[in-house]
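Hello,

Here is the structure I promised to pass on to you. Please have a look at it first, and then read my notes below.

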Amino acid sequence: MNTRDAASHGTFHLAWSRPSGALTLRDWLAHLARTGRVATIDRPVALEHELAAIARRLDGTQAAFFTQPGGHDVPVVSGFMSRRAWIAEAMGVAEADLLARFRDAAGQPLASQEIPRAEAACQQVVHTSGIDLHALLPIPTHSEHDNGPYLTAGLVIARNPRTGVQNVSINRIQVHGPDRMAILLLPRHLHAFQKTAEEAGEALDVAIAIGVDPLTMLASQAISPIDSDELEIAGALHGAPLPVVRCVSHGVNVPAFAEIVIEGRILPNVREPEGPFGEFPKYYSAREAREVIEVTAVTHREKPIFHTIVPAEMEHLLLGAIPREASLLAHLQRSHPGVKDVHLSVGGVCRYHLWVQFDKKREGEAKNVILCAFGAHYDIKQVVVVDTDVDVHDPAEIEWAVATRFQADRDLVVIEGAQGSPLDPSTTVGQPEDAPPHLQGVSAKMGLDATRPVVYASHVFTRVRIPGQDTVDLDALVAADNTAFDAYLDGAHG
Ligand SMILES: Cc1cc2nc3c(=O)[nH]c(=O)nc-3n(C[C@H](O)[C@H](O)[C@H](O)COP(=O)(O)O)c2cc1C
């Protein structure tokens with residue numbers, strides 16, 4: 001992967017862009033508000049449950065903007081990227097081109113541009129002593145059995161201790177002391193950095209950037225190689241280098257336009273209890289010992305906005321879905337050029353169930369595609385492969401293909417005992433409650449080949465189509481009112 005310069009990037013028209021400067025959360029919220037997609041809750045709202053309950057009710061229809069959360073004067077926003085169409089709009093492409101655009105940006109990252117501290121909005125206000133996160137920020141408690149307030153929408157940024165290259169991820173972070181937090185590190189890049197630092201007996205510097213635009217949020221979820229800085233993918237999505245600034249208490253660079261930055265260090269050989277926490281599969285994660293962040297500084301804009309993601313809501317699901325779909329599509333197409341499109345279904349929590357549209361040329365190929373998908377990401381638990389006449393984004397079409405083109409004795413692939421998602425509760429059955437991490441998440445995989453035979457007799461697999469159904473001009477044909485209908489019935493009854 002090459003880091004390119006700005007000039008080599010295609011320009012995309014972003015409806016929410018300004019004449020100059022980086023695109024910020026505020027630009028996007030202003031755009032949503034102009035188009036009726038922000039609901040302002042201008043009354044006191046409790047941080048415990050009430051805020052999340054209201055945001056949930058608005059999920060997928062409007063972003064929720066709370067002006068008085070828990071007595072704080074820092075507003076909270078949630079749900080500003082809760083539809084595929086909004087995300088495509090943020091990227092400046094048609095919905096059908098979402099994955100291709102994301103893949104192009106991930107393949108052509110754009111180096112960030114470090115700016116002086118005096119110019120960085122996220123450092124307009126700096127706190128380095130006497131930090132009390134609960135006093136500074138409106139941090140919600142979301143679900144019924146959550147252990148307490150959590151940061152759910154922070155970009156966690158750290159440098160690889162071996163190479164110095166940065167990484168970005170979103171991690172749930174339980175705030176259990178004024179300047180102390182516990183973080184869930186699943187075995188990916190940040191986890192690898194922490195292990196390296198810990199083996200050397202050192203803390204790992206981290207920064208948590210809260211309140212960034214949808215494109216920077218999405219970039220954080222790219223499935224990219226370990227030494228790829230996702231802020232550079234954000235730059236590519238913006239079509240301009242991302243302005244970044246050095247933290248005030250250590251050497252990590254953060255988006256300069258973020259609303260709030262919490263700086264800290266993951267302590268070596270320290271673990272504290274975290275959870276339970278209501279997660280994206282719509283179940284709770286257990287209370288377990290987790291890595292601990294000690295906060296070293298908090299910086300923010302004047303009049304900052306705090307972003308919270310209500311777990312398992314569309315914002316959470318889509319953030320995971322789109323970058324994954326882009327990576328999965330690229331991965332499958334490398335070996336199987338007949339793969340046309342993919343979709344992670346909402347019912348499969350946008351992680352576990354993958355639908356693949358495939359132009360099959362030879363018998364058996366769909367099963368190879370299924371096996372390839374299982375290897376592409378451990379979260380994938382069920383794969384359905386359909387033909388190109390099936391809309392892979394429509395659950396009813398997928399079910400129709402399974403109902404009419406699939407036979408379980410012939411077209412089913414089952415793999416036992418593979419690694420799956422440790423957050424899928426069905427993987428815990430038969431396990432002791434305190435199973436160590438290396439035994440968690442063991443899962444079966446199921447693949448359904450719902451493609452029709454390449455060659456079939458007569459019309460047996462021909463989809464019924466009515467000639468003209470797509471081109472009928474209803475505006476021209478349907479009368480403006482039912483006068484003729486009423487007249488006929490009157491005549492019939494008279
Ligand atoms: C809202 C949200 C919360 C997430 N929480 C966690 C988490 O607590 N722990 C974790 O390891 N990954 C979590 N993820 C997934 C990671 O952020 C994601 O897999 C990321 O791409 C990992 O980056 P990396 O591969 O560069 O390490 C979350 C994702 C989202 C969208």
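Two strands count as paired if DSSP finds at least two bridges between them. Within this pair, V342 has V356 in β20 as its bridge partner.

Before I go on, please note that this is a predicted model, in which local features need pLDDT of at least 70 and side-chain atom pairs count only at pLDDT 80 or more, while totals for chains, interfaces and linings use all residues. Residue numbers start from 1 along each chain as its sequence is written.

The pair belongs to an open sheet of five strands with mixed pairing, in the order β19-β20-β21-β23-β22. At its edges are β19 (339-344) and β22 (412-419), each pairing on one side only. From one strand to the next, the twist averages 15°. Helix α11 (residues 395-405) packs on this sheet, where the helix touches β20, β21 (382-386) and β23 (442-449), and its direction makes about 80° with that of β21. Axes are lines fitted to C-alpha atoms, for helices over the stretch in contact, and angles run from 0 to 180 degrees between N-to-C directions. Contact means C-beta atoms, placed from the backbone, within 7 Å.

Which residues have the most contacts inside the largest nonpolar core? They are I208, V254, V356 and A373, in a core of 137 residues. Helix α9 (residues 314-335) gives the largest share of this core, ten residues. At least three core residues come from each of domain 1 (6-314) and domain 2 (336-449). Such a core is a set of buried Ala, Val, Leu, Ile, Met, Phe, Trp, Tyr and Cys residues joined through C-beta atoms within 7 Å; buried means 20 or more other C-beta atoms within 10 Å of a residue's own. Leaving out residues up to four places away in sequence, A373 touches L328, L332, L354, V356, I380 and V383.

The two domains, whose bounds come from an automatic or database assignment, have C-alpha centres 30 Å apart. Their contact takes five residues from domain 1 and five residues from domain 2.

Best wishes

Definitions and conventions:
Buried ≥ 20, exposed ≤ 12 C-beta atoms within 10 Å, placed from the backbone. Helix = DSSP H or I, 4+ residues; strand = E, 2+ residues; numbered from the N terminus. Contact = placed C-beta atoms within 7 Å.
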